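Please look over the structure below before reading the notes.

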Amino acid sequence: MARSVLVTGGNRGIGLAIARELARAGDAVAVTYRSGEPPEGLFGVQCDVTSMADVDAAFGKVEAEQGPVEVLVANAGITRDTLLPMMKEETFTEVVDANLTGAYRVAKRATKGMLRLRRGRIVLISSVVAMLGSAGQTNYAASKAGMIGFARSAARELASRGITVNVVAPGFVETDMTAVLDEAQQERIRQNIPLGRQARPEEIAKAVAFLASEDAAYITGAVIPVDGGLGMGH
Ligand code: NDP
């Protein structure tokens with residue numbers, strides 16, 4: 001039977017690639033989007049992950065359409081880069097609220113159904129910069145590092161109920177998020193990547209699909225890098 005999957009921020013970029021990969025494998029896949037149109041062929045629900053009321057309403061719609069969420073991918077995320085001396089408090093808290101507290105909101109809501117089912121897969125999309133750090137991204141790196149501690153604690157809490165919680169840490173991926181960097185910045189990053197190129201969103205999706213699969217039943221609390229070797233050793 002098709003599993004009920006929800007991918008946050010699944011209308012573009014990495015999230016859309018994850019949603020398409022899981023749909024291709026036969027799951028019933030819903031995505032959240034904030035503005036614009038939902039992607040074709042996927043069940044879309046409008047949701048801003050900075051609002052618990054939005055998250056709750058979105059889960060309600062997904063449950064009514066395709067049943068309780070068995071696989072949650074917390075992918076929605078933002079950057080607001082600036083150096084620390086210039087970083088306003090709201091620039092810091094806005095990123096933490098969307099990336100880390102957003103992951104808490106959706107994971108908490110997902111456990112409601114998963115605990116009843118006594119099975120589930122939660123995959124959080126962090127980043128290589130959680131471990132490496134990144135100048136200009138104290139807010140983003142802190143939010144992404146926080147996701148790892150969050151995931152590992154949740155993994156310990158939920159393991160006895162057949163629910164796994166894992167993290168995928170992508171490196172430098174070809175999406176709108178990295179398209180804002182100029183060519184010189186992109187070249188500098190590429191020089192530090194052993195595989196010498198950016199990832200395609202589909203390459204992140206493959207790792208997520210594995211963690212969401214039955215084959216990954218014995219993996220929980222793991223951080224899987226998909227970064228071309230950029231973060232090796234961390
Ligand atoms: P994009 O900027 O292309 O897409 C971000 C997605 O998140 C969009 O769907 C966006 O929705 C959604 N989103 C952002 N804020 C919210 C919010 N408050 N509520 C609901 N949805 C929201 O990013 P990527 O695809 O590149 O990134 C996806 C994830 O992967 C992020 O968590 C990012 O941090 C992480 N990542 C990306 C890397 C990269 O190199 N690209 C590297 C490592 C990690 P909308 O379209 O409505 O704005």
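In this predicted model, an N or O atom in the side chain of Lys144 is 2.8 Å from an oxygen atom of the ligand, a polar contact (a pair of N or O atoms within 3.5 Å). Local features need pLDDT of at least 70 and side-chain atom pairs pLDDT 80 or more, while totals for chains, interfaces and linings use all residues. Residues are numbered from 1 along each chain as its sequence is written, and side-chain values use heavy atoms, with hydrogens and water left out.

**Ligand site**
- Arg12 places a polar side-chain atom 2.6 Å from an oxygen atom of the ligand.
- Gly171 uses a backbone N or O atom, which lies 3.5 Å from an oxygen atom of the ligand.
- There are 28 residues around the ligand, and Asn11, Arg12, Arg34, Tyr140 and Thr175 come nearest; a residue counts if one of its heavy atoms lies within 4 Å.

**Helices H3 and H5**
- The axes (lines fitted to C-alpha atoms over the stretch in contact, with angles from 0 to 180 degrees between N-to-C directions) of H3 (residues 89-117) and H5 (residues 138-158) come within 8 Å and cross at roughly 20 degrees.
- H3 is therefore roughly parallel to H5, a term for angles under 35 degrees.
- Helices here are DSSP runs of H or I with at least four residues, and strands are E runs with at least two.
- Residues of H3 including Phe92 and Leu100 meet residues of H5 including Met147 and Phe150, where contact means heavy atoms within 4.5 Å.

**Loop residue Arg118**
- Arg118 sits in the loop between H3 and strand S5 (120-125).
- Although Arg118 is not a glycine, its phi is positive, about 60 degrees.
- Most residues other than glycine have a negative phi.

Methods: Angles under 35 degrees count as roughly parallel, over 145 as roughly antiparallel, 65 to 115 as roughly perpendicular and the rest as oblique. A polar contact is a pair of N or O atoms within 3.5 Å; within protein, one must be able to donate a hydrogen and the other to accept it, and residues adjacent in sequence count only if both atoms are side-chain atoms.
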